[in-house]
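I opened this structure to take notes on a few of its parts. The entries follow the order in which I looked things up.

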Amino acid sequence: MSAPSVTPSKAASPRHSPPPAAEPVPGGGRFAKSLRRNLTAHGFLIGAVLCFAFFSWYPMVREFLLAFQKTESGQSTWVGFDNLVTVVNDPAFWQAWRNTLLFTVLALVFGFAVPFLVALVINEFHHGQGYLRLLVYLPVMLPPVASVLLFKYLYDPGYGLLNELLRFLHLPEQQWLQDPDLSMLSVVIASTWMNMGGAALIYLAALQSIPGELYEAAELDGAGLLRKIWHVTIPQTRLILSLMLLMQIIATMQVFVEPFLLTGGAGPEGSTTTVVHLIYQYAFNFNNYGAAAALGLLLLVLLAGFSAAYVKLSRAEDE
């Protein structure tokens, strides 16, 4: 008899089962995926932080340290408040503050009111607003040196356009930049023309956001142009006006370019010497970096205190 054939059963056939799947690590994969997704954004952010740290924060810290040091032959020694005493006892210190405050007041009269009036006028035009906005903003796009050269030509006592106009009208000619009584006003007029474009466009954007129904209701109540501006326009743009007022005061207290290029900085009899120009003189004319840093620190404290007080008063008024 032949032996029966044995058929191997299916259970006996060898089979390789797949390895168990690895369990994801909670949190780690999500973080890595998020990091890869935002790697470009993080790169740009790190670059911006490094730029601010190197060009803004480090100079501020360095200035604070220099204000209490005296540097000679590359060696710095602590002198406490001696630099502040030196700055305050300088006769040019109080003159620079008077000139800076005068420039700020005149700049608020011209540079704060004129852009708002220009924005009001442009807002009334229903056609050609794009051209008018470009025309108003054009001086801001010009290099400051080019604008200053233009005004130096206008103010020239010999062949300047302003004196030519005065001669045509048989009026006495003026020494615009050479007269101590006119030099600061001349600088303010040039600064207003050079910088009013940005403020005018901001005011124009605020005016165009005011609902037209408010003006229609004011007209139904019999309000004229001035009453509509006083009771509708100004209250609706109050926040922008407050912000621009604060920013303009801070900017005008740090004026340097216009008087430096128009009158050489000091001007006739020191009539256009500002605080920032005095800082420039201490640092680059007298090589007294400690006094320059001390005066800069004093200006910083004054502007920071004014800004804090202004914001606090504004919040209290809103409440």
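Predicted model: local features only at pLDDT ≥ 70, side-chain atom pairs only at ≥ 80, totals over all residues.

**Notebook: patch, helix, salt bridges, loops**

Entry 1, the nonpolar patch. Helix H2, residues 39–66, supplies the largest share of the nonpolar patch, namely 5 residues. I then listed the members of the patch: Leu45, Val49, Phe52, Trp57, Met60 and Leu300. Together they have about 610 Å² of accessible area. Leu45 has 52% relative accessibility, and the cut-off for exposed is over 50%, so Leu45 counts as exposed.

I looked up its extent next: H6 covers residues 144–155, which makes 12 residues. From the first C-alpha to the last, H6 reaches 16 Å, close to the 16 Å expected at 1.5 Å a residue. I then asked which residues of H6 are buried. They are Ser147, Val148, Phe151, Leu154 and Tyr155. Looking down the axis of H6, I noted that these buried residues fall within an arc of 115°, so they line one face of the helix. I also wrote down a rule for reading such a pattern: an α-helix has 3.6 residues a turn, so residues three or four places apart point the same way. What covers the buried residues of H6? The cover includes helix H5 (129–141), helix H7 (161–168), helix H8 (183–208) and helix H12 (257–263).

Entry 3, salt bridges. How many salt bridges are there? I have 3 in my notes. In one of them, Glu164 pairs with Arg167, with the closest N and O atoms 2.6 Å apart. Both residues lie in helix H7, 3 residues apart, which is about one turn of the helix. Glu164 is partly exposed at 38% relative accessibility. Arg167 is also partly exposed, with a relative accessible area of 29%.

Arg167 has a further partner in Glu173, and the closest N and O atoms of that salt bridge are 2.6 Å apart. Glu173 counts as partly exposed at 40% relative accessibility.

Another salt bridge joins the side chains of Lys228 and Glu219, at 3.2 Å from N to O. Is Lys228 buried or exposed? Its relative accessibility is 16%, and buried means under 20%, so Lys228 counts as buried. Glu219, at 48%, counts as partly exposed.

I went through the backbone angles last. Most residues other than glycine have a negative phi. I noted two residues that go against this.

His170 is not a glycine, yet it has a positive phi of about 60°. I looked for its place and found the loop between H7 and H8. His170 counts as exposed, at 73% relative accessibility.

Asn287 has a phi near 55°, again a positive value in a residue other than glycine. Where is Asn287 found? I located it in the loop between helix H13 (275–285) and helix H14 (289–318). Asn287 has 52% relative accessibility and counts as exposed.

Definitions and conventions:
Residues numbered from 1 in each chain as written. Heavy atoms only, no water. Helix = DSSP H or I, 4+ residues; strand = E, 2+ residues; numbered from the N terminus. Expected span 1.5 Å × (residues − 1). Buried < 20%, exposed > 50% of the residue type's maximum accessible area, 1.4 Å probe, protein only. Arc of directions from axis to C-beta. Contact = heavy atoms within 4.5 Å. Patch = residues over 30% accessible without salt bridge, like charges linked within 9 Å, V, L, I, M, F, W, Y side chains within 5 Å. Areas by Shrake-Rupley, 256 points an atom, 1.4 Å probe, with all protein chains shown as cover. Salt bridge = Lys/Arg side-chain N within 4 Å of Asp/Glu carboxyl O.
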